[in-house]
Amino acid sequence: MKIYKIIICCISLLTLSMVITSCKKSFVELTPKGIVPVNTFYATEIDIKSALTGAYSSLRPIYNEQYGFGELPSDNAQTYGESEVLYGEQDKLTWTANSTNLQNAWARFYATIAYANIVLDHVATPPMTTANRNGYIGQAKFLRALMYFNLVRMFGGVPLVLNEITSEQQAYSYNRVSAAAVYAQIEKDLAEAAAVLPASYTGADIGRATSIAANGLLGKVYMFQNKFTEAETILATVAATAGTLLPYDQIFGLGKDNNRDIIFSVQYLGGGFGEGNTFARSFVPQPSGTTITAVTGNSNNSGTKDLYDTFEAGDNRLNTAIGVYSAGTLVYYYAKKFVYQTVGANSEGDNDWPVLRYSDIVLLYAEALNENGKTPQALTQLNLVRTRSNLTAKSGLSQADARTAIQHERRVELCFEGERWFDLIRWGIMVNVMQAHKTNYVSANGLIGNVVPTLALYPIPTREIQLNPKLTQNPGY
């Protein structure tokens with residue numbers, strides 16, 4: 001996957017045209033130059049595979065910034081003065097429907113969905129083997145499900161687009177559907193993807209969606225709906241494929257991508273091709289200059305003292321996860337797990353972004369077991385993560401105490417990975433946790449906004465409502 005180039009421009013839900021235009025040198029001869037009619041383009045298997053490659057490539061800008069919606073609003077992360085122009089509203093919980101960041105995220109999610117829909121609508125035509133056709137279908141459904149999972153967690157019910165949009169009129173015809181309807185489609189896509197995808201790949205195909213990734217994401221989707229019985233069943237099958245959990249310091253770092261803890265990740269390629277990540281530039285403390293890495297950073301996705309303090313004594317994940325840098329009276333707890341040397345003047349990083357890891361699955365499985373009244377079995381799973389991290393195993397806990405222990409373990413294990421905010425919301429503790437964080441850790445000159453239940457959903461971007469007045473706004477905005 002790292003060798004693939006971005007070959008198709010992103011397509012917004014509400015600006016999707018009837019043609020495909022290229023943002024780089026085209027991989028076909030365009031007639032007329034720069035335009036290929038859709039109804040004549042997808043004639044070969046190579047065309048389908050190219051469209052699918054475009055879908056994978058479109059994940060890169062999404063996950064360059066997804067931490068801004070899943071981590072920065074939480075008690076785990078913060079911005080500083082130098083980075084608040086870009087992400088301050090997410091750190092301070094002061095976003096509005098006019099947020100450029102939210103508009104960009106919405107458009108990017110639907111661009112990837114558009115790619116997936118194009119593949120699914122045209123894959124039946126070109127000659128190819130049944131195995132290849134099923135593989136393209138499964139990957140497209142996985143990617144579509146992943147994008148709708150991001151959308152439903154962020155916005156609730158959204159327009160459910162399941163076919164290629166071929167006219168402006170069609171684009172404006174969509175209403176929001178219920179969150180339950182979005183989740184039902186996600187479940188359907190993932191179940192169908194898991195049924196046809198292989199468990200692994202070799203060579204250049206490493207990094208594509210697998211049946212294990214589809215089942216793992218499906219289990220996670222169940223957990224976000226409190227479907228603990230369904231989640232336990234499927235997470236058990238995925239957790240059983242994990243083997244011994246990989247030591248934490250072997251998961252993150254250059255040259256460690258696609259290791260056995262990674263179930264699915266967004267693949268980046270450094271070296272000046274325009275396909276690298278911006279993690280080092282975004283996360284490293286700006287006052288450090290180039291002393292930590294080769295670039296001057298922006299201090300985004302910096303950890304909080306709240307997060308640093310919650311690590312238990314002896315937890316060997318701390319030194320891998322968090323770096324500490326002092327600048328005058330400020331102490332930066334930066335996301336060390338994603339900060340490495342970058343290549344070239346454009347500051348492109350080569351390390352991938354983990355979307356789904358085995359440690360995540362094991363902890364979700366522990367949580368499902370506990371919610372189903374199987375606390376001893378839940379502690380067995382929890383302790384797989386704890387003992388790997390040099391911590392004492394938990395035993396004899398009540399269901400309530402086990403729940404607290406699992407929530408703590410998810411916080412430290414997955415810190416900076418874009419999970420904490422959504423976990424707080426699904427657990428129903430966001431308001432209490434964030435109010436405590438505000439009271440105990442946020443200084444007077446860095447006050448965050450009012451912590452209210454309506455923050456559990458982001459607003460529908462104003463531009464989308466202006467383009468399509470059928471869209472209704474979320475409460476509180």
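In this predicted model, the largest pocket is lined by 25 residues. Gln78, Tyr80, Tyr441, Val442 and Ser443 are the lining residues that lie nearest its centre. Two or more residues of this lining come from each of the elements β3 (77–78), α5 (84–91), β7 (330–335) and α19 (430–441). The volume of the largest pocket is about 560 Å³, and its lining divides into 11 nonpolar, 10 polar and four charged residues.

The second largest pocket has a volume of about 330 Å³. Its lining is made up of 16 residues, with Ala199, Ser200, Thr210, Ile262 and Ile263 closest to the centre. Strand β4 (residues 262–266) is the element that gives the most to this lining, with four residues. By class, eight of the residues lining the second largest pocket are nonpolar, six are polar and two are charged.

Turning to helix packing, the axes of helix α6 (residues 100–122) and helix α7 (residues 130–155) come within 9 Å and cross at roughly 155°. Because of this angle, α6 counts as roughly antiparallel to α7. The crossing in which α6 passes α7 is left-handed. On the α6 side, the residues that meet α7 are Leu102, Ala105, Trp106, Phe109, Tyr110, Thr112, Ile113, Ala116, Asn117, Val119 and Leu120. Their counterparts in α7 are Tyr136, Ile137, Ala140, Lys141, Arg144, Met147, Tyr148, Asn150, Leu151, Met154 and Phe155. Sorted by class, the contact of α6 with α7 holds 17 nonpolar, three polar and two charged residues.

Note on methods. Residues are numbered from 1 along each chain as its sequence is written. This is a predicted model: local features need pLDDT of at least 70, side-chain atom pairs count only at pLDDT 80 or more; totals for chains, interfaces and linings use all residues. Side-chain values use heavy atoms; hydrogens and water are left out. Axes are lines fitted to C-alpha atoms, for helices over the stretch in contact, and angles run from 0 to 180 degrees between N-to-C directions. Angles under 35 degrees count as roughly parallel, over 145 as roughly antiparallel, 65 to 115 as roughly perpendicular and the rest as oblique. A crossing is left-handed if the near helix is turned anticlockwise from the far one by less than a right angle, and right-handed if clockwise. Contact means heavy atoms within 4.5 Å. Ala, Val, Leu, Ile, Met, Phe, Trp, Tyr, Cys and Pro count as nonpolar, Asp, Glu, Lys and Arg as charged, and the others, Gly among them, as polar. On a 1 Å grid over the protein atoms alone, a cavity is a set of points where a 1.4 Å probe fits but cannot get out, and a pocket is an open set with protein on both sides within 12 Å along at least five of seven lines; lining residues have an atom within 4 Å of a point. Grid points are joined across faces, edges and corners, and a volume is the space filled by probe spheres set on the points.
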